[in-house]
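Biologist: I would like to learn how to read a structure that is new to me, one feature at a time. Could you show it to me, and then take my questions in order?

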Amino acid sequence: MSETKQYTWDDLRTEGAKSKDGLLMLIHGKVYGISKFLDEHPGGDEVLFGEAGRDATEAFEDVGHSDEAREILDKYYVGEGPEGTAKGAAPAKSAREAAGKAEGGGFTYLLPLAAIAAWFAYKFYSSKDQ
Ligand code: HEM
């Protein structure tokens, strides 16, 4: 019996955050049973409790965990996450970054125009005063 278990959001939220012995965490669409790792985590058990039963992908990536940390994950793999979560977090982040870049580009492009407009406005008003 080597069939992969597929967890639902219901499994994660209820079962996965209920007791200290059965904590589940979702990272990049995979479910990890983290109870045995609580005492070993260099970042402390509190952050793990905080993410139990939830999608911890963003929290995990925000810390910038090492390759070693990613290898440790494999040890606690228990099954696949709910449908659609595998791709969820990462593209959302890069889409946001892309949007940020586009906004920045648009703004710097407008700056010289704003300066020219200000110069004309200044000229217009100062010539009217004379
Ligand atoms: C089961 C999932 C996780 C594993 C296997 C893991 C593993 C590790 C490892 C090995 C380190 C040492 C530094 C490194 O190698 O990157 C570390 C540090 C850290 N982790 Fe995690 N981690 C997990 C989940 C999380 C989550 C969900 C958070 C935040 C909500 C988190 C927060 C931190 C922090 C803040 C540190 C830095 C501790 C310090 O340098 O003082 N970790 N983790």
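Biologist: For the span of residues 4-82, how far apart do the end C-alpha atoms lie, and what share of the span is helix and what share strand?

Modeller: Please keep in mind that this is a predicted model. In residues 4-82, the end C-alpha atoms lie 12 Å apart, and the span is 37% helix and 15% strand. The UniProt record, an unreviewed entry, places the feature "domain: Cytochrome b5 heme-binding" at these residues, 4-82.

Biologist: Which pattern does the protein chain follow when it is read along the sequence?

Modeller: The protein chain has five helices and three strands, and along the sequence they follow the pattern α-β-β-α-α-α-β-α. As for burial, 16% of the 130 residues in the protein chain are buried.

Biologist: How should I read the sheet, and in which order do its strands stand?

Modeller: The general idea is that strands of a sheet pair through backbone hydrogen bonds, either parallel or antiparallel. Here the three strands make an open sheet with the order β1-β2-β3, and the pairing is antiparallel. Because β1 (24-27) and β3 (77-80) stand at the edges with a single partner strand each, one side of each is left without a neighbour in the sheet. On average, and with direction ignored, neighbouring strands of this sheet are turned by 30° against each other.

Biologist: How many bridges join β1 to β2, and which residues are partners?

Modeller: Four bridges join β1 to β2, the strand at residues 30-33.

Biologist: Are the two faces of β1 covered or open?

Modeller: The general idea is that in a regular strand the side chains alternate between the two faces of the sheet. In β1, L24 and L26 lie on one side and M25 and I27 on the other, and since these four residues are all buried, both faces are covered.

Biologist: Which residues of the largest nonpolar core touch the most other members?

Modeller: That core holds 13 residues, and the ones that touch the most other members are L24, M25, L26, I27 and Y32. Both β1 and β2 supply at least two residues of this core, with β1 giving the most, four residues.

Biologist: Finally, how many residues surround the ligand, and which are the closest?

Modeller: The ligand is surrounded by 21 residues, of which G43, V47, A59, S66 and A69 are the closest. Three helices, α2 (45-51), α3 (57-63) and α4 (67-75), each supply at least two residues of this shell, and the largest share, four residues, comes from α4.

Biologist: What kinds of residue make up that shell?

Modeller: The residues of the shell divide into 15 nonpolar, four polar and two charged.

Note on methods: Residues are numbered from 1 along each chain as its sequence is written. This is a predicted model: local features need pLDDT of at least 70, side-chain atom pairs count only at pLDDT 80 or more; totals for chains, interfaces and linings use all residues. A residue is near a molecule or strand if its C-beta atom, placed from the backbone, lies within 6 Å of it. Ala, Val, Leu, Ile, Met, Phe, Trp, Tyr, Cys and Pro count as nonpolar, Asp, Glu, Lys and Arg as charged, and the others, Gly among them, as polar. UniProt positions are given in the numbering used here, feature names are shortened, and annotations may be inferred rather than shown by experiment. Two strands pair if DSSP finds at least two bridges between them. Axes are lines fitted to C-alpha atoms, for helices over the stretch in contact, and angles run from 0 to 180 degrees between N-to-C directions. A nonpolar core is a set of buried Ala, Val, Leu, Ile, Met, Phe, Trp, Tyr and Cys residues joined through C-beta atoms within 7 Å. A residue is buried if 20 or more other C-beta atoms lie within 10 Å of its own, exposed if 12 or fewer, and partly exposed in between; C-beta atoms are placed from the backbone.
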